[in-house]
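Visitor: Before we go through the labels, please show me the structure.

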Amino acid sequence: MTQLAKFRQLLIGCGAIATAAFGSFIPSATADEQFNNNTVQFDRDTIIEFAFVKSNNAAQSTFGVLNLATGEKTPLISEARAQDRPGKNRVGTAGKAVRKPFAEFTFKSGTPYTLYLESTQKGKGATTVYSVPERNGGAQLAKFENDATSLGTQGVRIGWNDGISSQGGDFNQFLVIAGGGIGCPCKPSPSLTTPLPPEAPPTRNNAPSGRG
């Protein structure tokens, strides 16, 4: 259990995809699984970790998941403020605009989901947009780079149009990555997949032999 905990701790910054309880890691999705503008759905309980990249908007946003079967919304990553330096530019980064840039969510087997972005500007006019265009009146407001087959490799980058800011066509107003791990600086060492060697017995204050 200690070894698994260390393995998971190193992966959290990369956005890993795993089965429930991190029992084993999935190298790729099956053909029946989807992670795109049509829907988000898996044929097994699946944990996906998300990492905030940056934002470039006038709004303050929260990224999350909507269960289309139950209507339950789960916020995952939220901006504590709209920009790093309010009034200076529109850039928001991890650790400043977003205090907790990593999150995970368990997608239940056979359940359809959509991702969402809920935004406010100066505390007013909440707008919620979805990764499924039909829920936006047909407008595509989220762009997926790669699909479910990339979740266990380079990950899926998701760019958003928040529905409030003026530069709407760039899909760069809120950026997150789902899954991934290749090329990540916190990718675990292969040595972590084998048991740790037993620790040497402690010495007694490093006292020389025959004393203390």
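Guide: Phenylalanine 52 sits in strand β4, residues 46–56; strands are DSSP runs of E with at least two residues, numbered from the N terminus. This is a predicted model, in which local features need pLDDT of at least 70, side-chain atom pairs count only at pLDDT 80 or more, and totals for chains, interfaces and linings use all residues. Residues are numbered from 1 along each chain as its sequence is written, and side-chain values use heavy atoms, with hydrogens and water left out.

Visitor: Why is phenylalanine 52 called buried?

Guide: Its relative accessible area is 6%. Buried means under 20%, exposed over 50%, and partly exposed in between, with a 1.4 Å probe and protein chains only. Phenylalanine 52 is therefore buried.

Visitor: Which residues is phenylalanine 52 in contact with, leaving aside neighbours within four places in sequence?

Guide: Among them are Ile77, Gly92, Val98 and Phe174; contact means heavy atoms within 4.5 Å.

Visitor: Why is asparagine 146 called partly exposed?

Guide: The relative accessible area of asparagine 146 is 39%, so the label is partly exposed. Asparagine 146 lies in the loop between β11 (142–145) and β12 (156–160).

Visitor: What is the phi of asparagine 146?

Guide: Phi is near 85°, a positive value in a residue other than glycine. Most residues other than glycine have a negative phi.

Visitor: Which element of the chain has the lowest mean pLDDT?

Guide: Helix α1, residues 2–11, with 34; helices are DSSP runs of H or I with at least four residues. pLDDT is the predictor's confidence in each residue, from 0 to 100. Over residues 1–27 the pLDDT is below 50.
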